[in-house]
Amino acid sequence: MKKTKTSIDGLFIIENTSFLDQRGEFMELWNQDEFESENLNTNATQDNISISKKNVIRGLHFQNQPYGQIKYVRVIQGSILDVAVDIRKTSDTLGQHLAIELSKSNNYGLWIPSGFAHGFLSLE
């Protein structure tokens, strides 16, 4: 796993590791120790899977405190245009956003801290 900073504090692109051999492919979806070694600490309380048809837009969703959520978004089939918007009122990057394609082929994930609106467009 490789963590890359973005221009927005706390928002990271995660490059996941995939292992290929003659049998197929293996990758970890979540490894608490690996995330903690990258200072991405959370106690996961919910795990969701979204299956969307092409051109479906989901979001922008957010949770106000005390119900704020950290999100880790990955794509295991197809591709999406993922968007995270900083809506933290005290943030220096309030109103700024990141849009990134996440796909099975690029193995990227997006680590979204609490205080962001999040949504995506299904590309496939």
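**Labels and the numbers behind them**

Modeller: Let's start with charge pairs: Glu25 and Lys104 join their side chains in a salt bridge, at 2.6 Å from N to O. Keep in mind that this is a predicted model.

Biologist: What makes the Glu25 and Lys104 contact a salt bridge?

Modeller: The cut-off is 4 Å between a Lys or Arg side-chain nitrogen and a carboxyl oxygen of Asp or Glu. Glu25 and Lys104 come in at 2.6 Å, so the label applies. Glu25 belongs to strand β4 and Lys104 to the loop between β8 (97–103) and β9, so the bridge ties together parts 79 residues apart in sequence.

Biologist: Why is Glu25 called partly exposed?

Modeller: Buried is under 20% and exposed is over 50%, with partly exposed in between. Glu25 has a relative accessible area of 38%, so it falls in that middle class. Lys104, at 29%, is partly exposed too.

Biologist: Which other salt bridges are there?

Modeller: The structure has three salt bridges. Asp21 pairs with Arg23, their closest N and O atoms 2.5 Å apart, and Arg88 meets Asp86 at 2.9 Å, N to O.

Biologist: How do you know whether Arg23 is buried or exposed?

Modeller: Its relative accessible area is 73%, and the cut-off for exposed is over 50%, so Arg23 is exposed. Arg88 and Asp86, on the other hand, are both buried.

Biologist: On to the rings. Why is the pair of Trp30 and Trp111 called stacked?

Modeller: Two numbers decide that. The ring centres are 6.4 Å apart, with 10° between the planes; pairing needs centres within 6.5 Å and stacking needs planes under 30 degrees apart, so both tests are passed. Trp30 sits in the loop between β4 (24–26) and α1 (32–37), and Trp111 in strand β9, so the pair ties together parts 81 residues apart in sequence. Trp30 is partly exposed at 34% relative accessibility, while Trp111 is buried at 5%.

Biologist: Which residues lie nearest the centre of the largest pocket?

Modeller: Asn48, Ile49, Tyr72, Val73 and Arg74, out of 36 lining residues. The pocket's volume is about 1,500 Å³.

Technical notes
Residues are numbered from 1 along each chain as its sequence is written. This is a predicted model: local features need pLDDT of at least 70, side-chain atom pairs count only at pLDDT 80 or more; totals for chains, interfaces and linings use all residues. Side-chain values use heavy atoms; hydrogens and water are left out. On a 1 Å grid over the protein atoms alone, a cavity is a set of points where a 1.4 Å probe fits but cannot get out, and a pocket is an open set with protein on both sides within 12 Å along at least five of seven lines; lining residues have an atom within 4 Å of a point. Grid points are joined across faces, edges and corners, and a volume is the space filled by probe spheres set on the points. Rings of Phe, Tyr and Trp (its six-membered ring) pair if their centres lie within 6.5 Å; planes under 30 degrees apart count as stacked, over 60 as edge-to-face and the rest as tilted. Helices (H or I, at least four residues) and strands (E, at least two) are DSSP runs, numbered from the N terminus. Buried means under 20% relative accessible area, exposed over 50%, partly exposed in between (1.4 Å probe, protein chains only).
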